[in-house]
Amino acid sequence: MKYFLFFDFDGVLCGWKDWIYRKKPETSTEIRRDKSLFRNHINYLDNRTLYAIDKCLDKVDGEVYFIPMSSWSSLFKSKHLLKFLLKKLNCTHLKIFEPQHYLNTNPPHPNEIKNAHDNRPLHILDFVNKYKPDDYIVFDDEYITGYMKYKMPYIHCHPLEGFTAKNRDTLYWYAEYYWNKEKSEMKEDTLSKSMFVQQNDIL
């Protein structure tokens, strides 16, 4: 079995409160030009969030892949960097998806919608249709109507706090009931699964 976890950066892996006490680069381009800023930005991920996510996957039957998205995904072009980060954080379940280990959801989409943010679900669905995982979850701090429109499993994170204890509990129970073969009799259709995470983290 193959599962994808799509993560936005700001407001998910790195809460906005982390920027309050440290300088936030204006753009990913600025970071790439300044190696010290690049290192600082990567350090924001060293906040145990990925470790907490990894621990939610103890009972999963299959491979779970960490896929960063949004414009910041361009920072993760190096597979070695991602592998180093997961190893440093003692993540034993999250893996790098070798065929395409990050996804930039910011460029225009052929089926572009007026609101640029609503293009993100389209890019994710293209990725899912191309690589055909058995299931996936999107983590985002924005309310994007496309997630509901296309019935996508989506966990809403707190923009200031990032990935919260509530998000962790939702991921744990989702993985427990839908990604554990011992619980296979409890699996339901995609709509039910998308509503499971939405009701727990949005409503």
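**Rings, cores and the sheet**

Modeller: Let us start with tyrosine 177, which is partly exposed, with a relative accessible area of 24%; please keep in mind throughout that this is a predicted model.

Biologist: Which aromatic residue does tyrosine 177 pair with, and how are the two rings arranged?

Modeller: Tyrosine 177 forms an aromatic pair with tryptophan 173, and the pair is stacked, with 5.6 Å from centre to centre and 25° between the planes. Both residues sit in helix 8, which covers residues 165–178, and because they are four residues apart there, about one helical turn separates them. Tryptophan 173 is also partly exposed, and its relative accessible area is 41%.

Biologist: OK, and how many aromatic pairs does the structure hold?

Modeller: There are 19 aromatic pairs in the structure. One of them joins phenylalanine 6 and phenylalanine 127, whose ring centres are 5.5 Å apart and whose planes meet at 85°, so this pair is edge-to-face. The pair links distant parts of the chain, since phenylalanine 6 belongs to strand 1 (residues 2–7) and phenylalanine 127 to helix 6, 121 residues apart.

Biologist: Switching topic: which residues have the most contacts inside the largest nonpolar core?

Modeller: Those are Leu5, Leu50, Ile53, Leu94, Phe139 and Trp179, in a core that has 32 residues. Several elements give two or more residues to this core, including strand 1, helix 4 (49–55), strand 2 (63–68) and strand 4 (135–140). The largest share, four residues, comes from helix 8. Another core lies apart from this one and has 18 residues, among them Met69, Tyr131, Val138 and Ile144.

Biologist: In what order do the strands of the sheet come?

Modeller: The open sheet is formed by five strands in the order 3-2-1-4-5, with parallel pairing. From one strand to the next, the twist averages 30°.

Biologist: How many bridges hold strand 1 and strand 2 in their pairing?

Modeller: Strand 1 and strand 2 pair over six bridges, in the parallel sense, and leucine 5 stands opposite phenylalanine 66 in strand 2. Helix 5 packs on the sheet, where it touches strand 2 and strand 3, and its direction makes about 165° with that of strand 3.

Biologist: And which strands does helix 6 lie across?

Modeller: Helix 6 lies across strand 1, strand 2 and strand 4, and it runs at about 160° to strand 1. Arginine 120 is found in this helix, which spans residues 120–131.

Biologist: Is arginine 120 buried or exposed, and which side chain does its own side chain meet in a polar contact?

Modeller: Arginine 120 is buried, because its relative accessible area is 7%, which is below the 20% limit for that word. Its side chain is joined to that of aspartate 8 by a polar contact of 3.5 Å. Leaving aside neighbours within four places in sequence, arginine 120 is in contact with several residues, among them Asp8, Met69, Asp140 and Tyr147.

Definitions and conventions
Residues are numbered from 1 along each chain as its sequence is written. This is a predicted model: local features need pLDDT of at least 70, side-chain atom pairs count only at pLDDT 80 or more; totals for chains, interfaces and linings use all residues. Side-chain values use heavy atoms; hydrogens and water are left out. Buried means under 20% relative accessible area, exposed over 50%, partly exposed in between (1.4 Å probe, protein chains only). A polar contact is a pair of N or O atoms within 3.5 Å; within protein, one must be able to donate a hydrogen and the other to accept it, and residues adjacent in sequence count only if both atoms are side-chain atoms. Contact means heavy atoms within 4.5 Å. Rings of Phe, Tyr and Trp (its six-membered ring) pair if their centres lie within 6.5 Å; planes under 30 degrees apart count as stacked, over 60 as edge-to-face and the rest as tilted. A nonpolar core is a set of buried Ala, Val, Leu, Ile, Met, Phe, Trp, Tyr and Cys residues joined through side-chain atoms within 4.5 Å. Two strands pair if DSSP finds at least two bridges between them. Axes are lines fitted to C-alpha atoms, for helices over the stretch in contact, and angles run from 0 to 180 degrees between N-to-C directions.
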